[in-house]
There are 2 protein chains.
Amino acid sequence: MSSSPHNFPVIPSASARAAKSLGGSGHRASPKGLQTRSHIIDTALQLATHNGLESLSIGGLAEATSMSKSGVFAHFGSREELQICVIREYHQRFEQEVFFPALQGERGLPRLRALFDNWMKRTSIELDSGCIYISGAIEFHDSIGPVRDALVESIGIWHAAMRRTIEQCKELGQLMADADSSQILTEVHALILVLHYEARFMRSAGAMQRALTGFENILLRYSAQLALAGPAGKSRKTAQELPQ
Amino acid sequence: MSSSPHNFPVIPSASARAAKSLGGSGHRASPKGLQTRSHIIDTALQLATHNGLESLSIGGLAEATSMSKSGVFAHFGSREELQICVIREYHQRFEQEVFFPALQGERGLPRLRALFDNWMKRTSIELDSGCIYISGAIEFHDSIGPVRDALVESIGIWHAAMRRTIEQCKELGQLMADADSSQILTEVHALILVLHYEARFMRSAGAMQRALTGFENILLRYSAQLALAGPAGKSRKTAQELPQ
């Protein structure tokens with residue numbers, strides 16, 4: 001795994017991997033070969049975001065791209081390799097749309113808000129297709145193997161980036177210094193999952209606004225400003241003090 | 001839809017429906033017929049919680065129950081009807097494990113906590129199989145038809161029951177009178193989704209504890225006690241007052 005200029009570990013792109021080896025043959029790929037491969041991955045990504053990674057097959061891809069099965073096979077070698085390439089391509093696009101634009105913002109809270117906003121926007125855009133980080137988690141929950149590993153790795157990288165931004169907020173004195181970053185990350189991720197569930201499946205109105213309110217509630221809960229606000233801070237109750 | 005003694009609207013059980021009509025034929029089912037039907041639904045539920053509702057087929061069920069295809073078909077008439085029966089059976093079990101035991105507890109916060117605890121426990125038990133309310137939401141997000149409708153109805157009933165319990169907490173002066181019940185429900189549901197995701201797919205340690213902490217954070221945020229706690233209450237900031 002290499003590093004981006006922003007210290008965000010990046011999974012090598014499909015084309016970079018293809019340039020290194022094509023279909024595991026060890027030969028350098030021609031520009032035309034790379035282009036074809038890229039076209040297959042594009043098509044596969046579209047199919048996967050609509051119907052899941054498990055819906056992908058070499059045969060189905062051959063049909064969708066008007067290629068021969070052996071032609072598709074030559075580019076990937078196996079269905080698993082094809083699925084992994086799709087995950088990597090998805091990861092790249094997720095970075096481009098969610099992560100990199102947020103890095104333009106100020107460190108700390110503005111960046112954390114931008115990450116969440118971009119993530120929400122992507123989740124809303126995906127209402128017409130789907131998020132393979134969510135559908136893949138259902139498809140591969142009880143499997144073992146390289147496809148699940150690639151998904152977990154990709155989500156893990158994204159989580160680590162979010163966690164680092166939360167840590168920055170703590171260092172900058174914006175969130176409580178003793179706040180548990182993993183706890184905050186979990187609560188934020190929960191809101192994305194419920195946004196996806198409510199907007200996409202339940203088709204309930206106001207899902208986006210509820211996710212946004214939930215996010216601001218989390219920031220409020222862990223706000224360093226509130227913790228230091230004298231009487232308010234002192235009388236801040238812990239969960240254990242609430243009536244049971 | 002009928003009502004339970006606890007004013008929890010209940011979807012008619014598979015057996016009650018079967019007693020009324022079997023396979024849409026209008027004939028009353030024999031005890032043996034009901035038993036067979038119940039056995040098929042049990043098997044189908046197991047398959048669906050492992051592999052999804054979409055994995056169900058009359059043929060697959062015939063094989064799993066050592067029956068003929070026409071034998072299974074006679075009990076349901078269609079794959080859709082079979083899927084709907086499985087959703088209804090799942091709903092019944094969900095009520096039995098999550099909802100009814102919580103009704104034994106005191107009204108208000110103790111009952112809300114019990115609902116969440118039972119829901120969490122069920123989500124953890126299901127780590128070996130799966131929750132069709134979560135996997136079904138992925139499978140049927142962009143479909144229309146009676147199977148999706150049955151799923152949405154079932155989840156809607158469960159949400160309404162949770163919402164009523166939240167309303168009780170407000171009436172009892174435990175949660176802020178002006179708190180938005182749908183907002184609280186969304187935030188609580190989010191934690192179940194993320195627990196399922198982290199524990200089941202990411203297999204990350206401490207997922208249950210983070211969900212529990214998240215839940216107590218929600219209660220804390222909407223606690224009427226804090227809102228009325230004088231200086232703390234007065235200096236309670238809204239999200240808009242936090243630094244942007």
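**A tour of the chain A and chain B interface**

Begin by displaying chain A and chain B together: across their interface the rule finds zero salt bridges, a salt bridge being a side-chain nitrogen of Lys or Arg within 4 Å of a carboxyl oxygen of Asp or Glu. This is a predicted model, in which local features need pLDDT of at least 70 and side-chain atom pairs count only at pLDDT 80 or more, while totals for chains, interfaces and linings use all residues. Residues are numbered from 1 along each chain as its sequence is written, chains are lettered from A in the order in which they are written, and side-chain values use heavy atoms, with hydrogens and water left out.

Next, select the residues on both sides of the interface, where 59 residues of chain A are in contact with 59 residues of chain B (contact means heavy atoms within 4.5 Å). Between them the two chains bury about 5,200 Å², 64% of it on carbon and sulfur atoms; this is the accessible area (1.4 Å probe) lost on putting the two parts together, summed over both.

Now move to chain B and select helix α9 (residues 181-202) and helix α10 (residues 207-221), which pack at an angle of about 170 degrees with their axes 9 Å apart. Helices here are DSSP runs of H or I with at least four residues, numbered from the N terminus, and axes are lines fitted to C-alpha atoms over the stretch in contact, with angles from 0 to 180 degrees between N-to-C directions. α9(B) and α10(B) are therefore roughly antiparallel to each other, the term for angles over 145 degrees.

Finally, show side chains where these helices meet, including B:L191 and B:L195 in α9(B) and B:F215 and B:I218 in α10(B).

Key
Helices (H or I, at least four residues) and strands (E, at least two) are DSSP runs, numbered from the N terminus. Angles under 35 degrees count as roughly parallel, over 145 as roughly antiparallel, 65 to 115 as roughly perpendicular and the rest as oblique.
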